[in-house]
Amino acid sequence: MIGRLNHVAIVVPDLGAASAVYRDTLGATISAPAALPEHGVTTVFVELDNTKIELLEPLGDGSPIAGFLERNPAGGMHHVCYEVDDIIAARDRLAGEGARVLGDGEPRTGAHGKPVLFLHPKDFCGTLVELEQV
Ligand code: CO
């Protein structure tokens with residue numbers, strides 16, 4: 001059911017510093033920062049040949065990644081995003097298998113303007129999973 005790895009997301013305390021690590025130390029191509037107030041994050045995408053790395057910094061009060069950063073002050077891997085062809089079909093199949101879909105279970109528009117859902121880490125080997133319809 002899942003297709004390509006769309007991105008791996010890393011939460012960071014300082015997006016400028018993290019961007020410099022990827023751009024200058026690792027020599028990667030990175031995007032300009034994009035503020036997504038409706039998601040409570042600012043993002044930078046690192047473009048790799050076969051996938052992307054999404055750097056996430058909290059934005060505003062009540063950011064959904066603020067708690068993660070409190071538990072991991074240096075930052076850390078936050079989620080993996082897999083592509084699916086039909087997010088509603090994927091959700092219904094996973095719910096039928098007993099997997100927990102986070103939030104109200106309805107897809108939201110993600111950082112790439114496409115429908116996304118998040119799946120409970122306890123059901124997926126301790127890793128938060130994002131599904132993105134492509
Ligand atoms: Co993501």
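**Stop one: strand E5**

Select 52-58, strand E5: five of its seven residues are buried, so to speak mostly covered (buried means under 20% relative accessible area, exposed over 50%, partly exposed in between, with a 1.4 Å probe and protein chains only). Strands (at least two residues) and helices (H or I, at least four) are DSSP runs, numbered from the N terminus.

This is a predicted model, where local features need pLDDT of at least 70, side-chain atom pairs count only at pLDDT 80 or more, and totals for chains, interfaces and linings use all residues. Residues are numbered from 1 along each chain as its sequence is written, and side-chain values use heavy atoms, with hydrogens and water left out.

**Its partners**

Now show E4, antiparallel to E5 over seven bridges; the two make a hairpin with four residues between them, and Glu47 sits opposite Lys52.

**Into the core**

Stay on Leu55. Its contacts (heavy atoms within 4.5 Å), leaving aside neighbours within four places in sequence, include Leu15, Tyr22 and Val44. Leu55, Ile53 and Leu131 have the most contacts inside the largest nonpolar core, of 22 residues. Such a core is a set of buried Ala, Val, Leu, Ile, Met, Phe, Trp, Tyr and Cys residues joined through side-chain atoms within 4.5 Å. Apart from it lies another core, of eight residues, including Ile65 and Phe68.

**Last stop: Val116**

Select Val116 in E8: Arg108 stands opposite, and Glu132 in E9 is a bridge partner.

Notes:
Two strands pair if DSSP finds at least two bridges between them.
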